[in-house]
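Here are my notes on this one, point by point. Have a look at the model first, then read on.

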Amino acid sequence: MWIYEKKLQYPVKVSTCNPMLAKFLIEQYGGADGELAAALRYLNQRYTIPDKVVGLLTDIGTEEFAHLEMIATMIYKLTKDATADQMKEAGLGAHYANHDSALYYSNAAGVPWTASYIAAKGDPIADLYEDIAAEEKARATYQWIIDLSDDPDLNDSLAFLREREIIHSQRFREAVEILKEERDKKKIF
């Protein structure tokens, strides 16, 4: 199973209380292309993927949970000292009314997380292309959040996550090539 080290995969530092930035980060917490959806997608797909690449989905799926923990820490640190008025000004008034400062799986617009975010076609190559797209969308979202942020400490952690999305995309591309090669081999019976 897993061995859990009681530390984040990469340090998370936040310079100041910033509920607006937390609102943007909620997209990566409970959005369609966020860390929860990715982790569940990959760990679900691993049951119908060939043995040659099943370990990749397990590895990346579990790493996505580490990223989810980092995002949760960022959101918590960005809102822990926020007043109700600051939450309201940041567009988190409805969130505050329903959850106070507790984390809740939704996207940046407040739409709750749904299992429909998890793609699983059952065709390994189709699923891996979906995974590549998910990683590229997450990479783009991290970049856009960095563009919106004025917190250099937080941006350091966000840049780490953005780079991991690139690595995951590359690994999924390699897996596609492995499976294409296997598919195209002559079968002799």
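1. Read from one end of the sequence to the other, the chain goes α-α-α-α-α-α-α. That makes 7 helices and 0 strands, where helices (H or I, at least four residues) and strands (E, at least two) are DSSP runs numbered from the N terminus.

2. Some housekeeping before you dig in: this is a predicted model, so local features need pLDDT of at least 70 and side-chain atom pairs count only at pLDDT 80 or more, while totals for chains, interfaces and linings use all residues. Residues are numbered from 1 along each chain as its sequence is written, and side-chain values use heavy atoms, with hydrogens and water left out.

3. On overall dimensions, the C-alpha trace spans about 70 × 30 × 30 Å along its principal axes. The accessible surface is about 10,300 Å², with 54% of that belonging to carbon and sulfur atoms; areas come from the Shrake-Rupley method with a 1.4 Å probe, and for residues only the protein chains shown count as cover. Of the 189 residues, 42% are buried (buried is under 20% relative accessible area, exposed over 50%, partly exposed in between; 1.4 Å probe, protein chains only).

4. Contacts here mean heavy atoms within 4.5 Å. Among contacts with a separation of 6 or more, 80% join residues 24 or more positions apart.

5. Now the annotated residues. UniProt, in an unreviewed entry, lists E35, E64, H67, E135 and H168 under "binding site". They are spread over 134 residues of sequence, yet they cluster in space, with a largest C-alpha distance of 12.6 Å. Keep in mind that UniProt positions are given in the numbering used here, feature names are shortened, and annotations may be inferred rather than shown by experiment.

6. Take E64 from that list: it sits in helix α3 (residues 51–79) and is buried, at 0% relative accessible area. Neighbours within four places in sequence aside, E64 touches E35, A38, A39, Y42, E135, E165 and H168.

7. E135 is in helix α6 (residues 124–148), and with 1% relative accessibility it is buried. Beyond its neighbours within four places in sequence, its contacts are Y42, I60, E64, E165, H168, S169 and F172.

8. Where does E165 lie? The answer is helix α7 (residues 152–184). Leaving out neighbours within four places in sequence, E165 is in contact with E35, E64, H67, E135, A138, R139 and Y142.

9. D59 lies in helix α3 and is partly exposed, with a relative accessible area of 47%.

10. I132 is in helix α6 and buried, at 7% relative accessible area. I132 and D150 are 18 residues apart in sequence, and their C-alpha atoms are 29 Å apart.

11. Last, charges. The mean positions of the 22 positive and 31 negative charges are 5 Å apart. Lys and Arg count as positive and Asp and Glu as negative, with His and the chain ends not counted; each charge is placed at NZ of Lys, CZ of Arg, CG of Asp or CD of Glu.
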